[in-house]
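Subject: Structure handover

Hello,

Please find the structure below. My notes on it follow.

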Amino acid sequence: MADGQPPGAGTPRPAPDRDPGLQPERTRLAWRRTTLSATAMAVLAGRQLLRSDAPGAVEVTLAVLMGLLWAAFVALAHRRMRAMTGGRPPGLPPRTALLLVGCTLALALCGGVILVRPGH
Amino acid sequence: MILTDGLRSLRAAVRLWVSPARVHEEGATPDYRFSLANERTFLAWLRTGLALVGGGFAVDQFLPRLHEGLRLIFTVVLLVGGALCALRAVNHWVRCERAMRRGEDLPVTRFPSALALGVGVLAVSMAVLVLLGRTD
């Protein structure tokens, strides 16, 4: 414990299942910031695609793909945030971390394809 | 010597990547608050990566007068940097989680310094380009 006392000793806390350092809340807000960053990035990418004069099959495919990647990112984050409502949340599943990084890498790759696509 | 060390750490990293759940099999579960702090660090690095990728898009969209080759270089550097940050995010998260379970010291890397240098070089070169009037 942060105050150097074992749980249950000293003054009893009103709600023992509540972290006085608000760690789950802070972590949930960090997830919220991260989804906002991903959304801002997706909006910039969408703007990039919309600037083309005549969107073709490549642009539409890229837009759909990036939309799906963004949706997967936000859905994963939302699931993790829901798991954070208890007083002692479980650890971050490694699969979630890998999937989130995979989404980010795929979005960056889409950005690269946007740059080199014909007619850019 | 350095090469074999590098190869060994690369092999260990790849093994962790293939089955990251293996981390949870060894050592003792650390205080959940430490795990949450590690998770927030992971998210901060992921946001850094997302911001760099977004910066790549911004350079490509908002600097139309910049020389085409320069713009491509800036954009690609930012996109690749963002991807590297995301990879480092998960790699560092797994390594910290493992160190905490084993009761070892947390790993230290040169990545933050390298990133700081890279961002600094990009910012200075962009400032020089603006001062020379190459962006308007």
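Are α1(A) and α2(B) roughly parallel or roughly antiparallel to each other? The axes of helix α1 (residues 23-50) of chain A and α2(B) cross at roughly 15 degrees and come within 9 Å. The two helices, α1(A) and α2(B), are therefore roughly parallel. Angles under 35 degrees count as roughly parallel, those over 145 as roughly antiparallel, 65 to 115 as roughly perpendicular, and the rest as oblique. Axes here are lines fitted to C-alpha atoms, for helices over the stretch in contact, and angles run from 0 to 180 degrees between N-to-C directions. Helices (H or I, at least four residues) and strands (E, at least two) are DSSP runs, numbered from the N terminus.

Some ground rules before the rest. This is a predicted model, in which local features need pLDDT of at least 70 and side-chain atom pairs count only at pLDDT 80 or more, while totals for chains, interfaces and linings use all residues. Residues are numbered from 1 along each chain as its sequence is written, and chains are lettered from A and ligands numbered from 1 in the order in which they are written.

Confidence

The model has an ipTM of 0.82 and a pTM of 0.84. For chain B the average pLDDT (the predictor's confidence in each residue, from 0 to 100) is 87, and 93% of the residues score at least 70.

Contact between the chains

Chain A and chain B each give 34 residues to the contact; two residues are in contact if their C-beta atoms, placed from the backbone, lie within 7 Å. On the side of chain B that touches chain A, the elements giving two or more residues are α2 (32-62) and α3 (68-102) of chain B. The most comes from α2(B), with 20 residues. By class, that side of chain B has 22 nonpolar, seven polar and five charged residues. Ala, Val, Leu, Ile, Met, Phe, Trp, Tyr, Cys and Pro count as nonpolar, Asp, Glu, Lys and Arg as charged, and the others, Gly among them, as polar.

Back to the opening pair: α1(A) passes α2(B) in a left-handed crossing, meaning that the near helix is turned anticlockwise from the far one by less than a right angle (clockwise would be right-handed). Their contact comprises 16 nonpolar, seven polar and eight charged residues.

Chain A

Chain A has three helices and zero strands. Of its 120 residues, 30% are buried (20 or more other C-beta atoms within 10 Å of the residue's own; exposed is 12 or fewer, partly exposed in between, with C-beta atoms placed from the backbone).

Within this chain, α1(A) packs against helix α3 (residues 94-116) at about 20 degrees, with the axes 11 Å apart. That makes α1(A) roughly parallel to α3(A). The contact takes Met41(A), Ala45(A), Gln48(A) and Leu49(A) from α1(A), and Leu107(A), Cys110(A), Gly111(A) and Ile114(A) from α3(A). Six of these residues are nonpolar, two are polar and none is charged.

Chain B

The axes of α2(B) and α3(B) are 7 Å apart, at an angle of about 175 degrees. That makes α2(B) roughly antiparallel to α3(B). Their contact has 19 nonpolar, ten polar and four charged residues.

Val130(B) lies in helix α4 (residues 111-131) of chain B. It counts as partly exposed because it has 13 C-beta neighbours inside 10 Å.

Regards
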